[in-house]
Amino acid sequence: MAIGFWMNNKNCYGCKTCSIACKSEKQLGPGVLLRTVTEIRQDDPAAFAFLSMACNHCEEPACVENCPVGAYSKLEDGTVMQDHTVCIGCKTCISACPYGAPSYDEATSTTFKCDGCYDRRQRGELPACVAACPGANLALDEMDALQSAHAADIVSDENSGTKPNFVITVDAALTEEPDDIAVAAAAEKA
Amino acid sequence: MTKNSERAADATLTRRAFVGAAAATAAAAGLAGCAPAATDDAPADEEGLPATGEDPYEGAEIFYSTCPPECQHHNLKGYVVDGKLVKVESSELNDCAACARGIARAYMTNDPERLTVPLLRDGDKGSGKFKEITWDEAFDLIQQKFDEAIAADGVESICYVTGSGNFGAMHGPVANAFFAHLGGASTTVGSLCCAGTTASIVPIYGQRFLDCRNQIENSTYCVIWGNNPAISKQGYFQRFEKVVENGGKLVVIDPIYTESAAKATDWIAPWPGTDAALGLAMLKTIVDEKLYDEEFLLAHTCAPCLVDKATGTPVLEAEDDPASFMVLDAATGTVVRHDAPNITAALTLEGTPQAEQYSTEFELIYANAAPWTAEAAETECGVPAADIQRIAREYAAAEHAMIVQNMGGFMRTENGTYATAIGAYLAAFCGQVGHIGDGVSDAGGMNEVKTGAPIPVPELDHKVPAIPRFKFGEAVLAQDPLKVNVLWSMTGSPMTQWPNTNMVKAALEAIPFVVTVEHYLTSTALYSDLVLPCTGMFEMEGVLANARSHWVQLVEKAVDGPGQCKSDLEIFTELAKRYGFGDAFDVPMDTLISNVIEPTGVTLEELKEKKAIDVVGPDYIPYKDGEFLTPSKKAEFWVAAWKEEGFDPIVTYARSEEDARNDNELAGKYPLFAVQQKTYRGVHSTFHALPWMDEICDTEPHILMHADDAAARGIADGDAVVVFNDRGEHRGIARVNKLLKPGVIGLQNGWWEQQGGSSSYVTNDKWKTLGGTHCCNQTLVDVKKEA
């Protein structure tokens, strides 16, 4: 089994409600964001697009492989889960993750990461970001289901070595792939 | 990351795993409407996991409220655990989801930056130096200053101003009642947002704030004129995207390639302030090519109504009957009432004996449109003639065409009233109003539903002069039309939102006693003598039943506000008691709410049970079947109020005073047009200083510049720059690209003093244009690199 996110880069208009809904649901402290929205501006052809990305719940997650205290595990349904109680805040996962998904909390000196709202899903609820998106441009489901349900163009970069589970419906005007741009933007910020 | 240079133009063939293309219809199920439904199948429990499905919000007390600034008024659901508001979500009662700002209401309630006690200025205005005082001291001081003001210069020397930060019934309407009871304090005149709509849609269609949001998805051709609904209608922007998905067109008219333009099929970029000329050229094409809907024009508009050439006014059968317009019956050659049975009204009088004495409104409109050939409009508006003609033809021919005005920036210009009115003309000429999927979309509204005042507002026996809001500084300094001894500012922030900030600042510095009622130490609070901490959403009770929303919403109190903050109602009630009219204010909340909702037909009991009630309905169509709300029940193109103001009573266009193409000193000195942009950070200045917004949005003002204009000034992307003109300066970071019209720069609206200051420091404060439009988007500037 492999769950993953689908994101509609073609229709997303950049309101960032997903980021705040996640932060609110998870009661995250200052500076901690588990879902980020990258703005993509392109002159020719003109494009102004957005990519919302959280943890890609990779098939071969770098966080699981590199965490020195074994805080990360890959669950049967594919969720990459962090046991926050054992996190020592060493940030190894942050530097290992090609997508910058884990987020460090200065206040507690620990790192948080998206679990696809595993608890909410256990109760039959949608992840907070998916439920909050005004444009219904996010979904979490089995990868097979996502790929057949959405007019999706790409699965995020298998060359990252982690085999991410992220299906993106791409704005056709973009000349570069939006997740590449997002990863580059995140790297620049870091 | 590896870049894929081989990416195909259709964005499907990549080195990556190609996803089996699914039918678009399969995706549609998940895309429709608002939040998708939860799945029925919960994953199976996995033993020993750190997560167990436990709900941290289980057992939380639930409260309902609303997000009440000048926006879509989404219903909000608050979760209280152990006496603390821990989470706010978009409530299930909405027809589209609330945004990040609404969700941030929980943060706001617990924000350590909130004001908690009354603050008295203890340094120069603007210094940020205050000392804490008690409410008793604050009320005593207010009473003393009110008394002194009244004794010296009369009650009108107390001026109160409300903004658009809270459209709830227990705020502005309570202030109106209080200051009327006090004997008639003065206020300001001049609408920052939508004077153009009020001055055009009200006389032409009869009433405004009747919106078409529930018809958007039925539209096949949507013209988004000078506004950016991806931000300002973000809850239901997906409805506009649906128009394109359904095979229709989305035309965005905006000098900036906005979030909305990026999703459109067409981007038309006129020079700021030239929209009326653009619209007149469209109308000329439509008339020249007989693309108008003659049946609709004759049945539902005053196009054939006669205007006397000698007096320049419409011909009425009876002077005391404003609906008694006359037309020429082409069949009999006689002049008859427009609504006489079995007539064939003539649109033009050419070749008839009546032509010497009369014109029809149709003829007057065409005469004003005639100079605006597509070529002339290309020169004036900077839009290719072929594009103007194409969108005119497509709009007229579309099955269901809508013009979305949404109180947009295009009307905040010198010709803004005419620019708004030409949209009303176009829709009526083409029969694109009053039906499924068409109309002229205002921001709104439930304006066909009447509401009441929470506290009756006594009628004054005299008229109190109003101060022009855009020239507030000049008026205060000149004490014309009156002397202001006390200013009471609430639910708004003049220091960020009013034009020409330096003059607003001068006024606040000159007024002896400025009171600001606020959640935070805003830009305006910084320049105040007394700052009163007020309650926010989920911290007080009330009701929201306003023309901006379709819902009557109960405002529930979930928790106490921080510290000693009080609601506007509590503050006014205490003052009312001191002035001997406390009985009018000190009434139970249930009574106040009932007073507001009684005319709507919704009962208090029903509202308490349901929390929010849609009083408009999902299938609402404004001016249904072409029945307008004017006296004649027809679209009345000739506007008496415009003539009374000294302007042409029919839409026309003349180049504005502040235009970079003018051959004058101003245009020579400041060659760039500056327009204001809304951002996802806030609604006007509300939410703007929240740390949560810093985490997801630009953290300082950005100045959007075209690469050509930046290069000419040696400015690169990311440079610190200063935007300036004779009014002032606005600082920010240059964002350089080609996603806007060269010669135009974009300024972000809403930044506080503490964040670098408002873009309003440079904006045009012209008063008075036709209709009294705010001219912030008719502003010339230049930009230089920060020294």
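Start your tour at B:G382, the residue that follows helix α12 of chain B, and check its backbone: phi is positive here, near 70 degrees. Keep in mind as you look around that this is a predicted model.

Now step back and select the helix itself, residues 374-381 of chain B. Which of its residues are buried? Colour B:A374, B:A377, B:E380 and B:C381, and you have them. Turn the view until you look down the axis of α12(B): the buried residues fall within an arc of 125 degrees, so they line one face of the helix. On the face turned away from the buried side of α12(B), pick out the exposed residues B:E375 and B:T379.

What do the buried residues of α12(B) pack against? Show α9 (275-288) and α13 (385-397) of chain B to see these partners.

Next, visit the largest nonpolar core, which has 294 residues. Select B:C222, B:Y425 and B:I745, the members that touch the most others in the core. Zoom in on B:I745 and look for the residues it touches, among them B:L672, B:I703, B:V723 and B:V783.

Finally, move to chain A, where you can find seven helices and ten strands. Its radius of gyration is 16 Å, close to the 16 Å that the globule rule gives for 190 residues, so chain A is as compact as a globular protein of that length. Colour its buried residues too: they make up 61% of the chain.

Terms used:
Residues are numbered from 1 along each chain as its sequence is written. Chains are lettered from A and ligands numbered from 1 in the order in which they are written. This is a predicted model: local features need pLDDT of at least 70, side-chain atom pairs count only at pLDDT 80 or more; totals for chains, interfaces and linings use all residues. A residue is buried if 20 or more other C-beta atoms lie within 10 Å of its own, exposed if 12 or fewer, and partly exposed in between; C-beta atoms are placed from the backbone. Helices (H or I, at least four residues) and strands (E, at least two) are DSSP runs, numbered from the N terminus. The arc is that of the directions from the helix axis to the C-beta atoms. Two residues are in contact if their C-beta atoms, placed from the backbone, lie within 7 Å. A nonpolar core is a set of buried Ala, Val, Leu, Ile, Met, Phe, Trp, Tyr and Cys residues joined through C-beta atoms within 7 Å. The radius of gyration is taken over C-alpha atoms; the globule rule is 2.2 Å times the number of residues to the power 0.38. Lists of a residue's contacts leave out its neighbours within four places in sequence.
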